[in-house]
Amino acid sequence: MDLEGVVGRFAGMVVASLIREDNFPLYDVMIHDYKEDLKNYPANTQTDVINDCILKLCRALVHSTGKENVKEGIQKLEDGYRGVLGVLSPLQKREMLYLLAVAYYRDGDYSRSLSYLNQCLEVAPHFNQALTLKKKFGSVLWFLIGGPHQYYLDMILDCERDIAEAGDDAPGEVKNENIIKLSWALVHTRQPEDVLRGIDLLEAPLEKSGLSQLEKGGLNELQFRDMLYIRSLGHYISGDFIKSLNDVLQCLEVAPDFWQGRYLSRTVSTRMKKNKFLGALIFHTAGALVSVIINTKSRRKT
């Protein structure tokens with residue numbers, strides 16, 4: 001093989017090794033984790049906390065790739081709409097109506113989707129996630145509207161508005177949940193400045209709440225787990241695999257059966273091994289290329 005062929009093959013191997021292999025967010029894994037959370041809540045858990053978890057589960061269900069999951073999400077949300085979840089807060093009602101619109105849209109029932117979407121926008125006229133979904137109706141370019149990146153950007157704007165409207169006097173539980181939602185959206189954009197902002201948002205609450213300081217720092221165990229996981233994911237996306245592994249191992253110390261944490265831990269470990277292999281490959285291949293170049297020049301001189 002000539003020098004150009006060697007360089008081309010080497011470049012192809014490097015590019016192939018850098019292709020992203022992860023699949024975050026892990027909706028199917030999130031479904032398992034939220035179902036387990038609901039099973040393990042103490043009997044005296046506040047209704048608002050349980051409803052928030054049910055809505056997180058429903059968001060994962062309706063965004064999952066499995067049709068049966070979407071239908072399960074519809075059933076749970078319809079139950080909530082009929083009052084099974086009790087009295088919902090305005091934000092919970094907004095979330096439920098939006099998720100019903102998403103679920104029916106993904107299930108192909110566009111008339112019901114639009115009906116729930118209009119109800120959602122009556123409750124929250126400036127809800128960006130719903131406004132983007134509504135643009136799909138009546139547009140011949142509906143397939144170009146939205147997309148994962150727009151979804152996260154809308155979520156960021158909605159979370160920022162929720163935080164501003166809640167104000168500094170909001171209960172600690174509400175503040176922490178808002179931080180979790182906003183940092184989750186920021187990290188999943190995969191934009192470097194957003195990812196770093198998501199990581200920074202979590203520094204203060206996590207610093208106050210070490211493993212031995214839970215509750216004292218204002219976080220419950222699940223919030224501490226979720227914040228560690230999101231920060232670990234942020235470090236992973238940023239390429240800081242050591243920090244990512246440290247955070248996810250702490251996360252699994254708090255919640256050993258947390259499937260999202262297990263998946264991330266395996267992903268980080270695999271990437272670290274791959275990078276080590278890639279570094280050795282580059283070193284040895286570079287050495288071989290130097291030899292080839294020197295030999296080629298020597299032949300040309302003679």
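L133 is located in helix 7, which spans residues 128-135; helices (H or I, at least four residues) and strands (E, at least two) are DSSP runs, numbered from the N terminus. The model is a predicted one, in which local features need pLDDT of at least 70 and side-chain atom pairs count only at pLDDT 80 or more, while totals for chains, interfaces and linings use all residues. Residues are numbered from 1 along each chain as its sequence is written, and side-chain values use heavy atoms, with hydrogens and water left out.

With a relative accessibility of 9%, L133 counts as buried (under 20% relative accessible area, with exposed over 50% and partly exposed in between; 1.4 Å probe, protein chains only). Apart from neighbours within four places in sequence, L133 is in contact with Y98, A101, V102, Y105 and L117, where contact means heavy atoms within 4.5 Å. S113 is 20 residues from L133 along the chain, and the C-alpha atoms of the two are separated by 9.7 Å.

Helix 5 (residues 90-106) and helix 7 cross at roughly 30°, and their axes come within 10 Å. Axes are lines fitted to C-alpha atoms, for helices over the stretch in contact, and angles run from 0 to 180 degrees between N-to-C directions. Helix 5 and helix 7 are therefore roughly parallel to each other (angles under 35 degrees; over 145 is roughly antiparallel, 65 to 115 roughly perpendicular and the rest oblique). The contact joins Y98, A101, V102 and Y105 of helix 5 to Q129, A130 and L133 of helix 7. By class, the contact of helix 5 with helix 7 has six nonpolar residues, one polar and no charged; Ala, Val, Leu, Ile, Met, Phe, Trp, Tyr, Cys and Pro count as nonpolar, Asp, Glu, Lys and Arg as charged, and the others, Gly among them, as polar.

Helix 8 (residues 148-166) packs with helix 9 (residues 172-188) at an angle of about 155°, the axes being 9 Å apart. Helix 8 and helix 9 are therefore roughly antiparallel to each other. From helix 8, Y152, M155, I156, C159, E160, D162, I163 and A166 meet N178, K181, L182, W184, A185, L186 and H188 in helix 9. The residues of this contact of helix 8 with helix 9 comprise ten nonpolar, two polar and three charged.

The protein as a whole has 13 helices and zero strands. Of its 302 residues, 44% are buried. Among contacts between residues at least 6 apart in sequence, 61% join residues at least 24 apart.
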